[in-house]
Amino acid sequence: MAALVVAEHDNASIKPATWNTVTAATQLGGEVHVLIAGSAAGPAAAEAALIQGVSKVLLADAPSLADGLAENVAAEVVLLAPAYSHILFPATAAGRNVAPRVAALLDVAQFSDIISVESPRVYTRPIYAGNAIATVEALDATVVITARATGFDAAGQSASPAPIESVTAAADSGRSSFVKREIAKSDRPELTAAKIIVSGGRGVGSGENYFKVLEPLADKLGAALGASRAAVDAGFVPNDFQVGQTGKIVAPELYIAVGISGAIQHLAGMKDSKVIVAINKDPEAPIFGVADYGLVGDLFELVPELVTQLG
Ligand SMILES: Cc1cc2nc3c(=O)[nH]c(=O)nc-3n(C[C@H](O)[C@H](O)[C@H](O)COP(=O)(O)OP(=O)(O)OC[C@H]3O[C@@H](n4cnc5c(N)ncnc54)[C@H](O)[C@@H]3O)c2cc1C
């Protein structure tokens with residue numbers, strides 16, 4: 001029994017959720033290999049070789065794999081699949097794009113968003129926006145999994161690197177081609193990797209207020225900025241700020257929810273945060289039900305006061 005973790009990377013380095021996915025894979029009990037499907041991806045492979053618990057890195061290097069096109073990466077995984085009992089992806093946008101294709105091509109079920117490994121074939125996963133946890137059992141010979149990063153600690157770094165083996169790259173599927181990538185540049189940490197998140201909801205009133213009130217606090221704390229869906233839908237901030245069931249799933253050390261009521265769909269994305277602070281003028285707001293610390297009052301007074309207190 002061996003597990004293949006399909007790494008998310010940009011050819012130069014590994015994305016953080018891959019480290020958590022390796023932890024999930026090690027809990028399955030067998031050997032863990034990592035696939036780097038990319039182009040000129042040696043640096044990413046070298047980093048993967050240092051993830052604790054990984055016994056081998058497979059490097060499929062070809063121009064057709066440069067940009068992580070789902071069709072080509074899926075074809076690569078399918079080529080390698082016969083050697084593996086489990087194939088794991090991070091439950092990120094990239095992993096979710098490839099995993100179902102692999103499961104469909106192998107004609108097996110997919111186990112999405114698992115948060116624990118109970119045994120090699122039994123896992124748990126949240127359902128109903130995290131209000132219930134299902135225990136599921138895999139019956140297919142090959143198990144395709146997406147692992148939720150917040151369910152597993154990141155694997156540590158190993159002192160000695162695992163071997164890197166070159167594998168044949170699958171032929172270009174010709175079904176899609178890379179056009180361009182527009183990357184939002186920000187000095188802030190990436191939302192899903194941030195240790196501290198300051199998140200704003202409809203209560204902040206406008207995009208202008210959002211940045212005027214929340215940015216100074218985020219700057220003081222070195223935090224990422226997040227938002228509720230209501231704040232995104234109202235156009236205060238771009239869509240990639242959204243935390244929740246249909247946004248990003250986060251579990252930082254500290255999550256500060258400002259002017260957010262705490263609808264279940266929002267909680268589904270942040271309730272695993274270590275410490276939750278809520279600032280809301282309504283003492284009955286459901287967010288206080290999950291908050292470790294609550295400040296009841298007007299955010300336009302409390303947030304600047306907090307920034308002053310932080311020095
Ligand atoms: C299928 C589905 C998926 C969804 N997915 C998501 C998701 O991924 N993420 C998400 O966030 N939502 C999601 N939603 C929407 C969710 O149900 C809520 O509508 C949304 O989270 C509400 O956002 P909010 O808390 O910012 O707004 P509101 O519920 O309107 O809350 C605003 C809060 O601000 C407070 N407030 C107002 N003014 C002040 C002030 N001056 N000072 C202090 N507090 C103030 C109010 O007391 C209130 O509690 C989803 C809904 C559905 C149906």
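Let's start at G259: one of its polar backbone atoms is 3.0 Å from an oxygen atom of the ligand. Please keep in mind that we are looking at a predicted model.

For R229, a backbone N or O atom lies 2.9 Å from an oxygen atom of the ligand. For G247, the corresponding distance from a backbone N or O atom to a ligand oxygen is 3.3 Å.

How much of the ligand does the protein bury? Taken alone, the ligand exposes 980 Å², and the protein buries 75% of that.

Now, let's look at who surrounds the ligand. There are 25 residues around it, and R202, S228, T246, S261 and N280 come nearest. Sorted by class, this shell holds 14 polar, 6 nonpolar and 5 charged residues.

So where does the ligand sit? Its place is the second largest pocket. As for the shell around the ligand, the elements that give two or more residues are α6, α7 and α9.

The volume of the second largest pocket is about 380 Å³. Its lining is made of 25 residues, and the closest to the pocket centre are R202, S228, G259, I260 and S261.

By class, the lining of the second largest pocket counts 14 polar, 7 nonpolar and 4 charged residues.

Terms used
Residues are numbered from 1 along each chain as its sequence is written. This is a predicted model: local features need pLDDT of at least 70, side-chain atom pairs count only at pLDDT 80 or more; totals for chains, interfaces and linings use all residues. Side-chain values use heavy atoms; hydrogens and water are left out. On a 1 Å grid over the protein atoms alone, a cavity is a set of points where a 1.4 Å probe fits but cannot get out, and a pocket is an open set with protein on both sides within 12 Å along at least five of seven lines; lining residues have an atom within 4 Å of a point. Grid points are joined across faces, edges and corners, and a volume is the space filled by probe spheres set on the points. Ala, Val, Leu, Ile, Met, Phe, Trp, Tyr, Cys and Pro count as nonpolar, Asp, Glu, Lys and Arg as charged, and the others, Gly among them, as polar. A residue is near a molecule or strand if one of its heavy atoms lies within 4 Å of it. A polar contact is a pair of N or O atoms within 3.5 Å; within protein, one must be able to donate a hydrogen and the other to accept it, and residues adjacent in sequence count only if both atoms are side-chain atoms. Accessible areas come from the Shrake-Rupley method with a 1.4 Å probe; for residues, only the protein chains shown count as cover. A molecule sits in a cavity or pocket if more than half of its atoms lie within 2 Å of its grid points. Helices (H or I, at least four residues) and strands (E, at least two) are DSSP runs, numbered from the N terminus.
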